[in-house]
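Student: Please give me a close look at one part of this model, and then show me what lies around it.

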Amino acid sequence: MNKHFLGDTAVLLGRSLRHIARSPDTIITTVITPIAMLLLFVYVLGGAIQAGTGSYVNYLLPGILIITIASGISYTAYRLFTDRQGGIFERFQSMPIARAAVLWAHVLTSLVANLISVVVVVLVALAMGFRSGAGVLDWLAVAGILVLFTLALTWLAVIPGLAASSVDGASAFAYPLIFLPFISSAFVPTASMPGPVRAFAENQPVTSIVNTLRALFTEQPVGTGIWTALAWCAGLLVVAVTFAGTTYRRRVS
Amino acid sequence: MLPCMNTSPATDRAEGAVIHVRGLEKSYKELKVLRGVDVDVARGSIFALLGSNGAGKTTLVRILSTLLKADGGRAEVNGFDVTTRAADVRESISLTGQFAAVDEILTGRENLTLVARLRHLKDAGPIADRLLRRFSLTDAGGRRVATYSGGMRRRLDIAMSLIGDPPVIFLDEPTTGLDPEARLEVWSAVQELAAGGTTVLLTTQYLDEAEHLADRIAILHEGRIIVNGTLAELKRLLPPAKVEYVEKQPTLEDVFLSLVGEQR
């Protein structure tokens, strides 16, 4: 590892965080859709949804958090694309810095921005009556899973950020990610779905993650589901980092 | 066809060359952009690379600044091979690309401190303030770059390239899209640099720019350097000038600059 890696990453992270501080609209646009969905599903549709015995907002929040992150990470693709477009990406590349630092700074920025978004959404949910008896360890486990999930999706977002030839192309990949929670246990139990849909829903990553978060919030045993969730996140992370690295090396050679 | 005027032997490195290129080739798919470029640039000189759009100027600069790998041939900058010693090359150079590579959301001063920190220098703040003064940007230093004019951006861009005093600076079409005044400002900045001992390789499509600034001029045409010499040497390639008496008309540039200059 380059001896300047940590220092360079810190400097570039400071730069990107300043971007966020100066245009907080990236946080606002990230949280507005999940909050609207919370309101819509809890106060409009929720009354007609049969999802367990507790209050619907308790059932809903884990899926909403996944949607928040899935929409938040597309800004990483956007920021990377803008850097490439403006030429500052090449300036960094021609400087004596650790090359990986350029990507890591964007990834860590995404982590910070998504963490802020998640906290905002959780606060709104609390105001709407979300309650959890989860202890410190449970909350830490929730945070850990969300961090891992954010890292995996952000590295996925790095790929179009490096490869896209238009700004629309750079952010369009996030739409299927935002849609994935709808065909999962995020809004309604999978048991209510017809055969093939149910098979898909029960075997895609969002369901295992959402179920694990829900179990942690409601102090239920997480069972083996947590390992499935962690395996999905870790697997996705490894694949995304590998492809992002390949794309990056192709870009800079 | 003009004769090749490389004064140095084609195989050996010229004495004191800080940029040394031999037989450099690069293709994009079927399109051969560089077809064996040979060039040497002496330390502390301003070297202008002329060529029309698509002649391969930017490709050559990108290879020399380690952003692109050549398909064949050799290139050394400051004694380091651009492929095997890329990190050392990056330590020795600064690149100012065709489009001002500045961060729009940061202020001018923050852009400068950012580069100073990335070059691992202490006292990033004082370095930034000195450069702001030198490029007449002190008043604008606290403003976001998004509010800057094209000329101010270019000046900031060049100021960012000077941080850390790299011995070699690449300026890729530094005055494209600038108004005449901003152009003169860039020219004087380039001349100052060379006076301080920095080697400047600049690409341009403006012949007067090369004529005004460069110690040596090379013309890149269809992927090869077809001529390389001083302005006087280049002029001798054509038949001697005939003496004619012509009334000297001011150029539009003279008119523009004198009018605008008076109002300042």
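Tutor: Gly87(A) follows helix H4(A), and its phi is positive, near 90°. Helices (H or I, at least four residues) and strands (E, at least two) are DSSP runs, numbered from the N terminus. This is a predicted model: local features need pLDDT of at least 70, side-chain atom pairs count only at pLDDT 80 or more, and totals for chains, interfaces and linings use all residues. Residues are numbered from 1 along each chain as its sequence is written, while chains are lettered from A and ligands numbered from 1 in the order in which they are written.

Stay with H4(A), residues 74-86 of chain A. Its 13 residues should span 18 Å at 1.5 Å a residue, and the end C-alpha atoms are 19 Å apart, which agrees. The expected span is 1.5 Å times one less than the number of residues. The buried residues of H4(A) are Ser74(A), Tyr75(A), Thr76(A), Ala77(A), Arg79(A), Leu80(A), Phe81(A) and Asp83(A). Buried means that 20 or more other C-beta atoms lie within 10 Å of a residue's own; 12 or fewer is exposed, in between is partly exposed, and C-beta atoms are placed from the backbone.

Now cross to chain B. Here 21 residues of chain B are in contact with 20 residues of chain A. Contact means C-beta atoms, placed from the backbone, within 7 Å. On the chain B side, helix H2 (86-92), strand S6 (93-96) and helix H3 (108-118) each supply at least two residues. That side divides into 11 nonpolar, 4 polar and 6 charged residues. Ala, Val, Leu, Ile, Met, Phe, Trp, Tyr, Cys and Pro count as nonpolar, Asp, Glu, Lys and Arg as charged, and the others, Gly among them, as polar.

S6(B) and S7(B) pair in the parallel sense over 4 bridges. Two strands pair if DSSP finds at least two bridges between them. Leu95(B) stands opposite Phe170(B) in S7(B). S7(B) has 5 of its 5 residues buried. Val168(B), Phe170(B) and Asp172(B) lie on one side, with Ile169(B) and Leu171(B) on the other.

Next comes S8(B), residues 199-204. S7(B), residues 168-172, pairs with S8(B) in the parallel sense over 5 bridges. Leu171(B) stands opposite Leu202(B). Between S7(B) and S8(B) the chain passes through helix H6 (residues 180-195), a right-handed β-α-β crossover. Right-handed means that, with the strands pointing away from the viewer, the path from the first strand over the helix to the second runs clockwise. S8(B) is covered too: 6 of its 6 residues are buried. Thr199(B), Leu201(B) and Thr203(B) make one covered side, and Val200(B), Leu202(B) and Thr204(B) the other. S3(B), residues 46-50, also pairs with S8(B) in the parallel sense over 5 bridges. There, Ala48(B) has Leu202(B) as its bridge partner.

Chain B also has an open, antiparallel sheet of 4 strands, in the order S2-S1-S4-S5. S2(B) and S5(B) stand at its edges, each with a single partner strand, so one side of each is left without a neighbour in the sheet. S4(B), residues 72-77, pairs with S5(B) over 2 bridges. One bridge joins Val77(B) to Phe80(B).

Finally, the whole of chain B. It has 9 helices and 10 strands. Of its 264 residues, 45% count as buried. Its C-alpha atoms fill a box of roughly 55 × 50 × 35 Å, taken along the principal axes.

Definitions and conventions. Two residues are in contact if their C-beta atoms, placed from the backbone, lie within 7 Å.
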